[in-house]
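Subject: Structure handover, ligand surroundings

Hello,

Please find the structure below. My notes on the ligands come after it.

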Amino acid sequence: MRDYESDDDIIKEGLLKKGTNKEDKMENVIIMEHPLIKHKITILRDKNTVTMEFRKLIEEITMLEAYEAFRDLPLKEIEVETPIEKCMSPVIDGKKMVIIPILRAGMGMVNGVHAMVPAAKVGHIGITRNETTHEPESYYCKLPSDISERLSIVLDPMLATGGSAVEAVNYIKKAGSKNIKFMCIIAAPEGLKRLSEAHPDIEIYVGNLDRGLNENAYICPGLGDAGDRIYGIV
Ligand code: PRP
Ligand code: URA
């Protein structure tokens, strides 16, 4: 297990850089710094946070992360008539984006993106981690046929070994997607490195970078099993 004291130790080691400043090796990684995100993640981690609140927090954090992730969406000017006069004003340009949650836990993040972009399409990709090997096993994939013309937003709250995320992006690229962003809430350094190296051409948005993985490949301190907590399975 790689053991770091804090994000700052990892940064010192030159593994990656915080914030939106992209200047070093893992320049496709953006770690959130907003106090609202940090605060909500703390409540999310608490084992006493109940299912309903957990689900709401996942949505809220995703919404705030989406705000960062969508900074570079292209705009075009359209004419609009205000009560005062006509003017040209910007709207999002291009085909609607497709949100792709990795089942099951990724589903918890869909409403958070829809709160920002209500017209986004939704594709689904089913991947589960083998409990013994921790390797990903795919069981479902339904993506829009014109995915090559859309921005793909892959959602999964947990990036642990990175196996599931790498596999999901493999599928999405095979389906023709050329413009991909990955959003997670908690990442382990191991998974972040694996995803960033396997897919250096995608942007990876991370709510918080945790210390590392334990012997069961769970993120520490993490928040436990995200899918179980979203769906109230004990
Ligand atoms: C969890 C999580 C990720 C994966 C992360 O899903 O939601 O998809 O594990 O682990 P990895 O980075 O080591 O691949 P899980 O496989 O438990 O399925 P679930 O969403 O159905 O609970
Ligand atoms: N999946 C989870 O839900 N949590 C972890 O810590 C690792 C994988």
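The notes cover conventions and then each ligand.

This is a predicted model, in which local features need pLDDT of at least 70 and side-chain atom pairs count only at pLDDT 80 or more, while totals for chains, interfaces and linings use all residues. Residues are numbered from 1 along each chain as its sequence is written, chains are lettered from A and ligands numbered from 1 in the order in which they are written, and side-chain values use heavy atoms, with hydrogens and water left out.

Ligand 1 is surrounded by 14 residues (a heavy atom within 4 Å), and the closest are R104, R129, D156, T161 and S164. An oxygen atom of ligand 1 lies 2.7 Å from a polar side-chain atom of R104. On the backbone side, A160 has an N or O atom 2.9 Å from an oxygen atom of ligand 1, and a polar backbone atom of G162 is 2.8 Å from an oxygen atom of ligand 1. Alone, ligand 1 exposes 500 Å², of which the protein buries 90% (Shrake-Rupley method, 1.4 Å probe; for residues, only the protein chains shown count as cover). The elements giving two or more residues to its shell are β6 (124-129), β9 (158-159) and α5 (163-174) (DSSP runs: helices H or I of at least four residues, strands E of at least two, numbered from the N terminus).

Around ligand 2 are R129, M158, A160, A217, Y218, I219, G224, D225 and A226. Backbone N or O atoms lie 2.8 Å from an oxygen atom of ligand 2 in I219 and in A226.

Regards

Definitions and conventions. Polar contact = N/O pair within 3.5 Å; in protein donor to acceptor, adjacent residues only side chain to side chain.
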